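I opened my notebook for a look through this model. Here is what I looked up, entry by entry.

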Amino acid sequence: MLRFATELCAWVAAPWALASWSVTAAVASVVLLIGLPTVFSTPGDKAQVIVAVPGAVTIALVLLQLVVAVAASWSAWPVWAAVPVTALTGACLVAERTRWRGLLAATARA
């Protein structure tokens, strides 16, 4: 739930931050932020895998979402909105540790 909430923040904040610079970049940011994790996933982590990747790649894609959520929220939104996104991201990092250990262990066994 925390990861989805953070991803949602990234999906909203990234195009918001980029729209004044380039509408194309704003649209591309959403396509990439949603598309990459949809296409590339670790077997066993999702029910349907389109392109199988090691656990480290899945972790990197989550980290990308988290970094974008924080950076874009601070860039596009007032402090009162960016602070909760940053706190949510921190909570997500803590909550994801167990999943990430499992992803890395599954990759090591494969």
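**Entry: Arg 3.** I began with Arg 3, which counts as partly exposed because its relative accessibility is 29%; the scale calls a residue buried under 20% relative accessible area, exposed over 50% and partly exposed in between, with a 1.4 Å probe and protein chains only. Before going on, I noted that this is a predicted model, in which local features need pLDDT of at least 70, side-chain atom pairs count only at pLDDT 80 or more, and totals for chains, interfaces and linings use all residues. Residues are numbered from 1 along each chain as its sequence is written, and side-chain values use heavy atoms, with hydrogens and water left out.

**Entry: salt bridges.** How many salt bridges does the structure hold? I found 3, taking a salt bridge as a side-chain nitrogen of Lys or Arg within 4 Å of a carboxyl oxygen of Asp or Glu. As a reminder to myself, side chains of opposite charge can pair when their charged atoms come close.

Arg 3 pairs with Glu 96, and their closest N and O atoms are 3.1 Å apart. This pair links distant parts of the chain, with Arg 3 in helix α1 and Glu 96 in helix α4 (residues 79-109), 93 residues apart. Helices here are DSSP runs of H or I with at least four residues, strands are runs of E with at least two, and both are numbered from the N terminus. I marked Glu 96 as buried, since its relative accessible area is 7%.

Asp 45 forms a salt bridge with Arg 99, the closest N and O atoms lying 2.5 Å apart. Here too distant parts of the chain are linked: Asp 45 sits in the loop between β1 (40-41) and β2 (51-52), Arg 99 in helix α4, and 54 residues separate them. Asp 45 is partly exposed, at a relative accessible area of 28%.

Glu 96 also forms a salt bridge with Arg 99, with 2.6 Å between the closest N and O atoms. Both lie in helix α4, 3 residues apart, or about one turn of the helix, and both are buried. Through shared partners, salt bridges join Arg 3, Asp 45, Glu 96 and Arg 99 into one network.

**Entry: α1 against α3.** Next I checked how helix α1 (residues 2-18) meets helix α3 (residues 55-76): their axes come within 7 Å and cross at roughly 50°. The axes are lines fitted to C-alpha atoms, for helices over the stretch in contact, and angles run from 0 to 180 degrees between N-to-C directions. The two helices are therefore oblique to each other; under 35 degrees counts as roughly parallel, over 145 as roughly antiparallel, 65 to 115 as roughly perpendicular and the rest as oblique. Residues making the contact (heavy atoms within 4.5 Å) include Arg 3, Glu 7 and Trp 11 of α1 and Gln 65, Leu 66 and Ala 69 of α3.

**Entry: Gln 65.** Leaving out residues up to four places away in sequence, Gln 65 touches Glu 7, Ala 10, Trp 11, Leu 33 and Pro 37.

**Entry: two last look-ups.** Ala 25 is found in helix α2 (residues 23-39) and is buried at 17% relative accessible area. Met 1, in the segment before α1, is exposed at 82% relative accessibility. Met 1 and Ala 95 are 94 residues apart in sequence, yet 9.7 Å apart in space from C-alpha to C-alpha.
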